[in-house]
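This briefing is intended for a reader who is new to the structure shown below.

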Number of protein chains: 2
Amino acid sequence: MSLSADILRGHTDTIILAQLMAGDSYGYEINKNISQRAQGAYGFKEATLYTAFKRLEQNGMITSYWGDDGPGARRRYYAITEAGMGQLAADRREWSETKQVLDALILMKEG
Amino acid sequence: MSLSADILRGHTDTIILAQLMAGDSYGYEINKNISQRAQGAYGFKEATLYTAFKRLEQNGMITSYWGDDGPGARRRYYAITEAGMGQLAADRREWSETKQVLDALILMKEG
DNA sequence: ACGATATACCTCATCTGTCAAGGTATTTTT
DNA sequence: AAAAATACCTTGACAGATGAGGTATATCGT
């Protein structure tokens, strides 16, 4: 099964921050890791990814730097900031709350 | 805690369909029920609600009719269609899948 | 050697769902 | 009589996702 984009909307930044908690990485690799972790059920479109990087950097959640120009195409690495870590912690709490609320509203589970 | 709108985006139609599975209802009541079920953590803005009704009716997921003009303001009742029930079943499966994927991506839970 | 594929970055116009703001009307509560 | 609750609806603006397009290098199969 694949998930529609609107379902994931609003989680984009959180997913990227969660990836960067495991260490600095660059766009292409981040996206590959996400697809693998989602077992192919989801992956960002490139435009979505780079839009998110720009937004996150403007908001001070991540910083970026060019990687060493070894073999291969140039890479822009991203690192999560302290503010980003704080945001991620808040986003994780919100996701747990979201699950409970949507279980109640969609599956009609009693709280 | 309250949930941001972008997090819920894409679940609006599903939430309304789930409510209508319990029986015909009208806008104001549907919204009240949703707020109660979410324990105040979430409620639709009216514009969002009526936009969704229009979209759902145009797509054949619900039908509507005016209620008896008893005491009180007029009410437009909505009923879920067979197509709507099919959609809801699919949406519920998608939500279960979404939880697994986002647990893996946000909380880094192993699948 | 050469074409295809993978790696790697980026922009912009367009689309869609949300919602602030505004409007109308009736009933109940203070 | 005023205020709040009930009940409906529309419109313009905004933000995130993305199709389509662009640039460049490295690797793989033949």
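Two residues are in contact if their C-beta atoms, placed from the backbone, lie within 7 Å. By that criterion, residues 24 or more positions apart account for 51% of the contacts in chain A with a separation of 6 or more. The model is predicted: local features need pLDDT of at least 70, side-chain atom pairs count only at pLDDT 80 or more, and totals for chains, interfaces and linings use all residues. Residues are numbered from 1 along each chain as its sequence is written, while chains are lettered from A and ligands numbered from 1 in the order in which they are written.

**Fold of chain A**

- Chain A contains five helices and three strands; helices (H or I, at least four residues) and strands (E, at least two) are DSSP runs, numbered from the N terminus.
- Read from the N terminus, the order of elements in chain A is α-α-β-α-α-β-β-α.
- Along the principal axes, the C-alpha atoms of chain A fill a box of roughly 55 × 30 × 20 Å.
- Of the 111 residues of chain A, 32% are buried; a residue is buried if 20 or more other C-beta atoms, placed from the backbone, lie within 10 Å of its own, exposed if 12 or fewer, and partly exposed in between.

**Relation and contact of the two chains**

- In chain A, 31 residues are in contact with 31 residues of chain B.
- On the side of chain A that touches chain B, α1 (5-8), α2 (12-20), α3 (27-37) and α5 (82-106) of chain A each supply at least two residues, and α5(A) gives the largest share, 11 residues.
- That side of chain A has 17 nonpolar, seven polar and seven charged residues, where Ala, Val, Leu, Ile, Met, Phe, Trp, Tyr, Cys and Pro count as nonpolar, Asp, Glu, Lys and Arg as charged, and the others, Gly among them, as polar.

**Surface near DNA strand D**

- Of the 27 residues around DNA strand D, those that come nearest are A5(A), A47(A), Y26(B), G27(B) and Y28(B); a residue is near a strand if its C-beta atom, placed from the backbone, lies within 6 Å of it.
- Two or more residues each come from α4 (46-58) of chain A and from α3 (27-37) and α4 (46-58) of chain B.
- The largest share of this surface, six residues, belongs to α4(A).
- By class, the surface near DNA strand D holds 11 nonpolar, six polar and 10 charged residues.

**Sheet of chain B**

- Three strands of chain B form an open antiparallel sheet in the order β1-β3-β2; two strands pair if DSSP finds at least two bridges between them.
- Its edge strands, each pairing on one side only, are β1 (25-26) and β2 (62-66) of chain B.
- Two bridges join β1(B) to β3 (residues 76-80) of chain B in the antiparallel sense, and S25(B) stands opposite Y78(B) in β3(B).

**Positive phi values in chain B**

- Q39(B), in the loop between α3 and α4 of chain B, is a residue other than glycine with a positive phi, near 55°.
- M108(B), in the segment after α5 (82-106) of chain B, is a residue other than glycine with a positive phi, near 60°.
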